[in-house]
Amino acid sequence: MSSSNSQSSDKSFVYREFGNDNSAATERPIPELPPQQQNLKVQASRKGRKGKTVTVVSGFQAKPETLADLAKQLKTQCGTGGTLKDNEIEIQGEHKQKILDILTKLGYKAKISGG
């Protein structure tokens, strides 16, 4: 006899009352506020980046797709790389004033935070 396991491969649950996975029901919807109602902070940071400076834009209340498009636009305008982490956009280098100008042109309420 072969001892193949014919049970489901999902072993993270010991007991499940309902058969369907309804993780979509437990996810929180992210409110999509218009740019005029969002208060953003633009700051330069070096912490945990081996001395390299990045400009961090935080305070977004938007969907990840919207943030991805905005991050791409900021990276293109600044001519550098960047990423989207934890609802914050990180742009490589110190571009506080340039990013502030771009965001205000797009209608966001943004201000420079920190020294």
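Me: In this predicted model, at what angle do helix α2 and helix α3 pack?
Reply: Happy to start there! Helix α2 covers residues 64–78 and helix α3 covers residues 96–105. Their axes lie 11 Å apart, and the angle at which the two helices pack is about 130°.

Me: Which residues of α3 make the contact with α2?
Reply: On the α2 side, the contact is made by L70, L74, Q77 and C78. The residues of this contact divide into 6 nonpolar, 1 polar and 1 charged. On the α3 side, the partners are K98, I99, I102 and L103.

Me: Which residue forms a salt bridge with E90?
Reply: The count of salt bridges here comes to 2. E90 lies in strand β4 (residues 88–92), and its partner lies in the loop between β1 and β2, so the pair ties together parts that are 41 residues apart in sequence. The closest N and O atoms are 3.0 Å apart, and the partner is R49.

Me: How far apart are the closest N and O atoms in the salt bridge of E94 with K96?
Reply: A salt bridge needs a nitrogen and a carboxyl oxygen within 4 Å. K96 is buried, with a relative accessible area of 12%. In its pairing with E94, the closest N and O atoms are apart by 3.9 Å.

Me: Is K72 buried or exposed?
Reply: K72 is found in helix α2. Its C-alpha atom is separated by 9.7 Å from that of I89, 17 residues apart along the chain. With a relative accessible area of 57%, K72 is exposed.

Me: In what order do the elements of the protein chain run from the N terminus on?
Reply: Let's finish with the whole chain. Its secondary structure comes to 3 helices and 5 strands, and buried residues make up 24% of the 115 residues. From the N terminus on, the order is α-β-β-α-β-β-α-β.

How values were computed. Residues numbered from 1 in each chain as written. Predicted model: local features only at pLDDT ≥ 70, side-chain atom pairs only at ≥ 80, totals over all residues. Heavy atoms only, no water. Axes fitted to C-alpha atoms, helices over the stretch in contact; angles between N-to-C directions. Helix = DSSP H or I, 4+ residues; strand = E, 2+ residues; numbered from the N terminus. Contact = heavy atoms within 4.5 Å. Nonpolar A, V, L, I, M, F, W, Y, C, P; charged D, E, K, R; others polar. Salt bridge = Lys/Arg side-chain N within 4 Å of Asp/Glu carboxyl O. Buried < 20%, exposed > 50% of the residue type's maximum accessible area, 1.4 Å probe, protein only.
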